[in-house]
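This report concerns side-chain contacts, with attention to charged pairs and aromatic rings.

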Amino acid sequence: MSATLYIDNHDGLGLVDYTRFWTDVSQFTEARNNEPTLWDLTLIPVPGLSGWVLPTRGSYVKFIDTRFESRDGVTAGVLFTGYVTDDPDPDFLGEKDGQPLWSFLVKVTSDDYLLNLKAMPVKVYVNKTHG
């Protein structure tokens, strides 16, 4: 598979492959110039598959597609990096074998958001008089 979704829940396991739980393969919801990219993705925990941990707010997300070549300063295939901005929204899908099935809408904001939080320092005037 060429597209891979990794999530780091800050639980000591590092980046974990969530591709098998990822169901909604839509485009990034909002991508504008000079603004962070917003991405909503849907995850469904599959019964019987190990490795499922519900991502929490602040989890790091990395989306890689090996069909894309690298450019200067960018690792080959990295299309998106960002953080989960809200706790995932659960959605009840139904029941299977008497067990409830849920999907989770995960809202992710690109790293650009953190860069925009860095405020510029106040102008410092050295050896200048007021007026």
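A salt bridge is a side-chain nitrogen of Lys or Arg within 4 Å of a carboxyl oxygen of Asp or Glu. The model discussed here is predicted, and the structure holds 2 salt bridges.

**Salt bridges**

Asp 40 and Lys 107 form a salt bridge through their side chains, at 3.9 Å from N to O. Because Asp 40 belongs to strand S3 (residues 38–43) and Lys 107 to strand S7, this pair ties together parts that are 67 residues apart in sequence.

The side chains of Asp 87 and Arg 57 meet in a salt bridge at 3.7 Å, N to O. Distant parts of the chain are linked by this pair: Asp 87 sits in the loop between strand S5 (78–84) and S6, and Arg 57 in the loop between S3 and strand S4 (60–65), 30 residues apart.

The table gives the relative accessible area of the residues in these pairs.

| Residue | Relative accessible area | Class |
|---|---|---|
| Asp 40 | 23% | partly exposed |
| Lys 107 | 28% | partly exposed |
| Asp 87 | 44% | partly exposed |
| Arg 57 | 54% | exposed |

**Aromatic pairs**

The count of aromatic pairs comes to 10. One of them joins Phe 92 and Trp 102, whose ring centres lie 5.2 Å apart with planes at 65°, so the pair is edge-to-face. Phe 92 lies in strand S6 (residues 89–96) and Trp 102 in strand S7 (residues 99–110), 10 residues apart. Phe 92 is partly exposed at 43% relative accessible area, and Trp 102 is partly exposed at 35%. Ring pairs also link Tyr 18, Phe 21, Trp 52 and Phe 104 into a cluster.

Conventions. Residues numbered from 1 in each chain as written. Predicted model: local features only at pLDDT ≥ 70, side-chain atom pairs only at ≥ 80, totals over all residues. Heavy atoms only, no water. Phe/Tyr/Trp six-rings, centres within 6.5 Å; stacked < 30°, edge-to-face > 60°. Helix = DSSP H or I, 4+ residues; strand = E, 2+ residues; numbered from the N terminus. Buried < 20%, exposed > 50% of the residue type's maximum accessible area, 1.4 Å probe, protein only.
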